[in-house]
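Thanks for coming, everyone. Let me put the chain up on the screen, and then we go through its side-chain pairs.

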Amino acid sequence: NKFKMSFLNISFIIIALTLVVVGITDFISISSFAEKQAGGRAEGIAVSLAENIDAEKFKDVISNGKSSPYYEELRVKMNKSLQKTGVKYLSTMLINGNKINYLIDGSEPNTEDFSDYMSEDEVNNERLMTIISSNEIGYSDMYKDETWGYLLSAVAPVIDNSGKTIAWVEADISVLDIKKEIRFFMLRLI
């Protein structure tokens with residue numbers, strides 16, 4: 001009788017531990033999958049915007065800022081894209097070392113999320129800096145920005161007619177949105 005109880009207890013513990021290990025493994029796999037999906041989505045949005053920017057008109061924005069007629073035209077288009085795609089932030093920027101100078105922000109002006117023309121920020125993400133310094137398209141790992149919170153960022157170059165990168169588009173997705181997607185997926189599994 002004691003043997004049966006011990007065997008049942010041990011069997012129960014082994015099954016419980018197995019379920020915990022499988023659950024943790026599934027969560028890690030799903031988190032990785034969700035991060036790749038979100039990164040791919042952000043990357044696609046950044047590329048699409050970068051390819052639809054008139055680089056020759058955009059050079060006027062770089063030189064003349066808000067007084068350029070293209071500034072407001074593109075800001076309005078970016079704001080519509082921001083709202084349609086559900087990304088947290090959408091902006092164009094110049095990179096100077098590890099500093100960002102925002103050019104056009106897709107957020108509504110006069111909101112706390114808005115980064116004004118030539119406002120400065122630091123790039124605190126090694127992966128993002130590697131992508132930019134390699135002049136490539138890509139996305140970062142999830143990271144915490146002290147000002148903007150937990151994000152996943154994608155970048156794509158704005159290229160002029162001569163093939164030169166003149167600026168960058170950045171699309172940021174909130175990690176909270178990614179976590180919601182993971183929770184929704186996990187609940188569907190149950």
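One definition before the tour: contact here means heavy atoms within 4.5 Å. Keep in mind that this is a predicted model.

Leaving out residues up to four places away in sequence, Asp-121 touches Asn-98, Lys-99, Ile-100, Tyr-102 and Trp-148. Where does Asp-121 sit? Its place is in strand E3. Asp-121 is buried, yet has no salt bridge. The nearest side chain of opposite charge is Lys-99, and that one is 7.8 Å away. A salt bridge needs a side-chain nitrogen of Lys or Arg within 4 Å of a carboxyl oxygen of Asp or Glu. What does the side chain of Asp-121 make a polar contact with? The side chain of Tyr-102, at 3.4 Å.

Now Lys-99 again, with another partner. Glu-122 forms a salt bridge with Lys-99, and the closest N and O atoms are 3.4 Å apart. Glu-122 is in strand E3 and Lys-99 in strand E2, so this pair ties together parts 23 residues apart in sequence. Both ends are partly exposed: Glu-122 has a relative accessible area of 36%, and Lys-99 comes in at 27%.

How many salt bridges are there in total? The count comes to 6. Here are some of the others.

Go to helix H2, residues 55-64. Lys-59 and Glu-56 both lie there, 3 residues apart, about one turn of the helix. Their side chains meet in a salt bridge, 3.4 Å from N to O. Lys-59 is partly exposed, at 30% relative accessible area. Glu-56 is partly exposed too, at 36%.

That pair does not stand alone. Glu-56, Lys-59 and Asp-160 are linked in a network of salt bridges. Where does Asp-160 come from? From the loop between strand E6, residues 149-159, and strand E7. Is Asp-160 buried or exposed? Buried, at 7% relative accessibility. The side chains of Asp-160 and Lys-59 are also joined by a polar contact of 3.0 Å. Not counting residues up to four places away in sequence, Asp-160 touches Ala-55, Glu-56, Lys-59 and Ile-166.

Next, helix H3. Arg-75 and Glu-72 both lie in H3, 3 residues apart, about one turn of the helix. They form a salt bridge, with the closest N and O atoms 2.8 Å apart. The two ends fall in separate classes. Arg-75 is buried, with a relative accessible area of 10%. Glu-72 is partly exposed, at 38%.

Tyr-71 counts as buried, at 4% relative accessibility.

One more residue, in strand E7. Ile-173 lies in that strand, which covers residues 165-174. Ile-173 is buried, at 2% relative accessible area. The C-alpha atoms of Ile-173 and Gly-86 are 8.1 Å apart, although the two residues are separated by 87 residues along the chain.

Last, the whole chain. It holds 5 helices and 7 strands. From the N terminus the order is α-α-α-β-β-β-α-β-β-β-β-α. There are 190 residues, and 39% of them count as buried. Take the contacts with a separation of 6 or more: residues 24 or more positions apart account for 54% of these. The accessible surface is about 11,300 Å². Carbon and sulfur atoms hold 57% of that surface.

That is the tour. Over to you.

Key. Residues are numbered from 1 along each chain as its sequence is written. This is a predicted model: local features need pLDDT of at least 70, side-chain atom pairs count only at pLDDT 80 or more; totals for chains, interfaces and linings use all residues. Side-chain values use heavy atoms; hydrogens and water are left out. Buried means under 20% relative accessible area, exposed over 50%, partly exposed in between (1.4 Å probe, protein chains only). Helices (H or I, at least four residues) and strands (E, at least two) are DSSP runs, numbered from the N terminus. Lys and Arg count as positive and Asp and Glu as negative; His and the chain ends are not counted. A polar contact is a pair of N or O atoms within 3.5 Å; within protein, one must be able to donate a hydrogen and the other to accept it, and residues adjacent in sequence count only if both atoms are side-chain atoms. Accessible areas come from the Shrake-Rupley method with a 1.4 Å probe; for residues, only the protein chains shown count as cover.
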